[in-house]
Amino acid sequence: MIKKIFFLFISIILPIVLFAQNDSLPEKRNAQKQHFFSLKGQDIVKKGCFVAPLPVLSYDQDKGWQFGAMLNIYDFGNGSFYPSPRQQWALSASYYHKGSQQYSIIYDAKYLIPKVRLSVAANLDYDQATNFHGFNGYMTKYDYGQVNFWAKQKDKTNMPSEYNPIFYRVEKMTFSFKVDFSGNIVGNKLFWQAGYCFDWYKWASVNREKINKGKSTDKIFEGNTLYDYFNLWGIISPQEQKGGFSSAIRLGLKYDSRDVEVFPNNGLLAEGHVRLAPHFLGTTQSYYTYYLSIRHYVSLVNDVLIFAYRWSYKGTFGKYIPYYMMSVWSVMGQESDKEGVGGYKTVRGVLKNRVQGLDVTFFNTELRYKVFKFQLWKQNWCVALNAFFEGGMVTRQYDMTYKGINDETLRKKYDEYIGTQREQFHLAAGGGVKVVVNQNFVLAIDYAHPLKKQDGNGAIYLYTGLTF
C-alpha cells in the first residue's frame, strides 16, 4: 500500500515539473543564490503563467475506479504582486467506472474589476453512492461493528441489509453556481463581501441495479437504506425527499492579515456572512443561515515551524432548514462551498457528512514543519510535514421525532438507530506531507484516524490545496 501511494504521489508531481513555466524576474531580492534543499534564500519572483496539470486516479469499493484530470493555472503578470497571482483558474473532471461523475470550474481575479475581487465557481456532481449517516451526529447510530463484520466474516450469506456499507449511502446529483465580490474597506485588511449562489439538489435511494453490478452474491445489497428509513420515519418530509432548489444572496465581512494567502506563516483570517434564501428568489423551501470562521497562523521558529488553527461555526436562523442544505458549508471567495462536516475539507478522519444539524461547529489544529525548500527548473519548491488534531459537533439539533405510520416493525427500527447516544465532539488525529510550488499550488497527502469507531476506520486523503 505504501509503495502504491508513493508512486501515485510521484506520478502527480512529474506533470507539474514538465509543464511549469520558467519565467522569472531578476530582482535584487533574488540575488542571493539558494542552495538545493536549503531553508534559506529568497524565492524566484514568478511572472507569466504557472500551469499545473494533474491526473486524477483513485479507487472506491462502491464507486469503482476514478479517472480524470485537473488543471490549475496561475497568472502572475509581471511579478510585482508575487506570491499573489493576478488571476487563477482551477478546472477538474473525473469519472468513476461505475457511473459517478464530478466536474468543476473556479475562476478568481483580483484586478479584472477595479478595486473589486471577483470569484466565480460552478460544480456538477453526480454520486451514485455518497455517504448518508443521518442527522445530529451520534444521535444517529453508525454501526461500525456490523459494517466491519460484513467485510471480514467468511460466512456472508443471509446477513441483514444494514450489515452492507451501502446501507449508509444515497444517490445524489448537485449543480451549484456562485459569484462573489469583495472590496477593501480599511487598510487592505478589512473587506466587504457580497455574492449570489444557486444550487440544485436531487436525492434518491441508491440504484440497486448499478450498485450491485459486478458484485458477488454475498455482497449484493437489498432492502432499505438508512436514507429510505429517514423517509419512512417522516424525519425527511415528503415535499423535500427528492431535493430542491436554493437561490440565495450572501453578505459578509472579512479581516485578513495573512502574509501569504495560500500557505501562510503569520496572520489572521476572520470572516462571517449570512446566507439568505427566501422563496421569492426561487428557493423551493426558504431558509436563512450564518457562518463564522477564524483562522490563525503563528510562526514558532523563523517561518519554518508554523502552528495553525481554525474554528468555524454554522448556524440556522429559526428552527428549520431543508435537510439537503444541512450538508452545505457556505464559503465565500475563491473556494467552492464545502460539503458537510467530515472529510479532508473540514474534519479529516471523520466520515463524510457525519456531523449535520441546525447548528454545527468544528475546529482544526495543525503543526506544519517546512523540512526543506529549493529552486528547481526555475520554480520555488517547499516540502513540509504536518501533524493535526481536529473535531466537530452538532450544537443545535435537527428535529428527528418519529412522524411515520403506526407500524411496530418500523418503529422498532427507529428506536434502534435514533437517539441511542448523546452528541459530543467527533475527534480525529493524523499527519501528512505537503509539496508547495511557488507558494500557491499545494499537493497534500494525509492520513487521519478517528478516536471513536462510530466516526469511521481511518482514511487516506490525496488532494490539492490546504484544508485551511
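The dialogue below treats a core, a residue and a cavity.

Reply: This is a predicted model, in which local features need pLDDT of at least 70 and side-chain atom pairs count only at pLDDT 80 or more, while totals for chains, interfaces and linings use all residues. Residues are numbered from 1 along each chain as its sequence is written, and side-chain values use heavy atoms, with hydrogens and water left out.

Me: Which residues have the most contacts inside the largest nonpolar core?

Reply: A nonpolar core is a set of buried Ala, Val, Leu, Ile, Met, Phe, Trp, Tyr and Cys residues joined through side-chain atoms within 4.5 Å; buried means under 20% relative accessible area, exposed over 50%, and partly exposed in between (1.4 Å probe, protein chains only). Here the largest such core has 41 residues, and F132, F135, F230, W233, I235 and Y323 have the most contacts inside it.

Me: Is S312 buried or exposed?

Reply: S312 counts as buried because its relative accessibility is 2%. A polar contact is a pair of N or O atoms within 3.5 Å; within protein, one must be able to donate a hydrogen and the other to accept it, and residues adjacent in sequence count only if both atoms are side-chain atoms. The side chain of S312 makes one with the side chain of S293, at 3.3 Å.

Me: Which residues lie nearest the centre of the largest cavity?

Reply: On a 1 Å grid over the protein atoms alone, a cavity is a set of points where a 1.4 Å probe fits but cannot get out; lining residues have an atom within 4 Å of a point. Grid points are joined across faces, edges and corners, and a volume is the space filled by probe spheres set on the points. The largest cavity holds about 170 Å³. Its lining has 16 residues, with E271, S293, W329, S330 and V331 nearest the centre. The second largest cavity has a volume of about 30 Å³.

Terms used: On a 1 Å grid over the protein atoms alone, a cavity is a set of points where a 1.4 Å probe fits but cannot get out, and a pocket is an open set with protein on both sides within 12 Å along at least five of seven lines; lining residues have an atom within 4 Å of a point.
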